Amino acid sequence: MSAAQIAPRRSRGLFSTIGAYLPHPTRWRHVFGYMVAVYRREWIGSVFSGFIEPLVVLAGLGIGLGVLVGDRAAEITGGVSYVTYIAPALMASQAMQFGAGEAAWPILGRIMWVRIYHAMVATPLKPTDIIVGAILFMGGKVAFAAAFFAGVLLVAGIATSPLGALAMIGVSTLTGLAFAAPVTAFSVTQKTDQGFAIIFRLIITPLTFFSGTYFPIESLPGWAQLLSWCTPLAHGVALARGLALGTEIPNAATHVAVLAAWTIGGTVIASILFRRRMLK
Amino acid sequence: MNLSTSNATALIRARGLTKTFGERTAVDAINFDVRDGEFFGFLGPNGAGKTTTMRMIAGVSPRTAGTLEIFGNDPDTDGPRIRGQLGVVHQQETLDQELTVRENLLIFGRFFGIERKEIAERADQLLELFQLSDRAKDQVEPLSGGMKRRLSIARSLINAPRVLMLDEPTTGLDPQARHLLWDALQRLKRSGTTIVLTTHYMDEAEQLCDRLVVMDQAKIVAEGSPRQLIEEHASREVLELRFPEGTSRISKETLDGIGDRYERLAERVIIGCENGEAAHARALEHGLTPESWLVRRSGLEDVFLRLTGRSLDE
């Protein structure tokens with residue numbers, strides 16, 4: 001073998017670099033389809049367990065705490081019963097829990113334990129296609145579960161307008177995505193699942209209490225309010241509640257924009273980090 | 001036939017192919033060609049750079065320097081197109097345990113954008129070919145190691161790849177499962193699929209490969225057909241002498257002249273020679289008292305030993 005002249009690798013142009021991170025227009029569908037096939041058997045079960053739990057909470061808190069709060073409820077809720085007040089917020093907060101959970105173990109597992117992502121990046125799929133397909137699937141799952149929840153609210157008479165209920169499903173889905181995307185970005189950097197305990201105990205669970213779910217955000221100190229508005233859940237709760245009660249939602253467009261920003265930002269960062277992890 | 005001057009088209013062509021991870025050079029300026037229809041091997045110990053080379057070919061590890069062409073394309077810019085025509089089997093299992101055997105094939109085919117109907121037909125053929133038809137509807141989890149490996153290979157063929165890449169395909173399999181797999185790979189090769197494999201098993205390389213390169217410490221140290229390599233780098237027979245108490249006290253003078261050459265390992269002395277029996281007689285004359293001895297024909301193991309001064313399993 002002759003001593004070859006070693007050509008230095010040409011660096012990619014800017015377009016090519018961006019292109020590497022852009023999803024293929026249709027290939028993410030195959031990833032979505034894969035996830036559907038995996039979850040087809042347990043689909044109903046996971047959706048029920050995901051949303052029956054908040055229904056129990058709703059019954060317990062709404063009826064129990066409602067009685068305790070009693071007449072004072074009207075002061076904070078603006079006239080509606082406590083159950084009516086917290087139901088849409090619970091729907092949004094459950095979407096958060098569900099979205100974040102789907103982005104944690106299932107993603108890390110496919111990198112570390114099942115290792116199927118290693119096989120998938122060896123197909124024409126780009127890492128970004130995998131991330132986009134996986135996150136959209138999480139959105140689909142949240143939407144499905146939220147629809148079930150919305151149905152219960154309609155039947156129970158808590159939500160009064162079917163159109164409003166439909167919009168609530170949309171808001172919940174967006175809220176779920178706004179957590180699923182950044183949690184995915186976190187998951188793809190992990191080597192064990194220990195980091196998830198921190199995410200869930202220190203961020204996800206406390207957020208339920210500081211995002212206006214059980215009491216208005218306005219009763220928090222100023223700095224805490226500001227912090228809450230930086231996270232997605234407060235926006236999801238504000239939108240869902242307004243839609244359920246049929247009241248006017250101030251700054252609705254801003255709420256949607258914040259949720260969308262978390263979703264898109266999280267997806268972009270997740271794609272970059274996942275690509276780095278898989279293509280070494 | 002001299003394979004290295006054959007005119008068959010090179011499907012994979014590497015020149016000065018290099019990969020570094022920080023300070024560590026995993027693959028150091030290697031050159032090789034894989035030709036259409038051949039069974040090509042990378043033989044070497046763990047850590048020699050075989051897997052990294054495979055990853056670069058599959059376009060999942062960007063090279064640091066050098067040129068690499070697969071089907072005339074550059075994996076840096078044409079990754080998806082190249083990967084569409086490759087089948088890759090990883091060293092570690094990458095099957096989805098929650099899907100059935102057949103579903104693993106069906107889903108995987110979709111990643112290549114193949115139509116469902118076509119995938120279904122191909123999946124059934126592949127299950128047949130790899131003797132998995134009766135397990136088609138079973139979950140993956142309870143399958144034996146050999147079956148999982150066959151399923152991995154079947155899955156990697158769902159896109160009818162031009163080149164099948166196998167990274168240590170029989171590591172961890174029992175002898176019977178290995179032979180079953182070897183048979184399946186031979187059938188596949190006869191049907192025209194080009195196969196590239198890495199292995200640290202000499203017998204595997206000898207059995208399967210038309211041509212191979214021997215890798216050690218990130219470099220290619222030899223290239224040729226198994227027979228060529230043995231003829232060039234090893235003597236006809238090998239005498240192995242075993243000294244459980246160690247070989248360090250045996251003097252060079254005692255070992256000289258027993259055979260054509262010798263290699264001293266921790267507990268063995270390997271002597272390359274024309275005639276093993278005669279060499280054994282000479283060894284006794286030289287005053288050696290091995291606990292046991294054996295004579296065998298030279299193999300790739302001896303080629304590796306000769307080229308690197310180490311045995312593969314050290």
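Visitor: Over the ring of which residue does the charged end of Lys141(A) sit?

Guide: In this predicted model, the charged end of Lys141(A) sits over the ring of Tyr39(A), 3.8 Å from its centre. A charge sits over a ring if NZ of Lys or CZ of Arg is within 6 Å of the ring centre and within 35 degrees of the ring normal. In chain B, Arg178(B) lies over the face of Tyr201(B), 4.4 Å from the ring centre.

Visitor: How is a pair of aromatic rings described?

Guide: Such a pair is described by the distance of the centres and the angle of the planes. Rings of Phe, Tyr and Trp (its six-membered ring) pair if their centres lie within 6.5 Å; planes under 30 degrees apart count as stacked, over 60 as edge-to-face and the rest as tilted. Over all chains, the structure holds 15 aromatic pairs. One of them, Phe32(A) with Phe137(A), is edge-to-face, at 5.7 Å centre to centre and 75° between the planes.

Visitor: Which residues do ring pairs link into a cluster with Phe32(A) and Phe137(A)?

Guide: The cluster also includes Trp28(A) and Tyr39(A).

Visitor: Is Phe137(A) buried or exposed?

Guide: Phe137(A) is buried, with a relative accessible area of 0%, whereas Phe32(A) is partly exposed at 26%. Buried means under 20% relative accessible area, exposed over 50%, and partly exposed in between (1.4 Å probe, protein chains only).

Visitor: What conventions apply here?

Guide: Residues are numbered from 1 along each chain as its sequence is written, and chains are lettered from A in the order in which they are written. Local features need pLDDT of at least 70, side-chain atom pairs count only at pLDDT 80 or more, and side-chain values use heavy atoms, without hydrogens and water.
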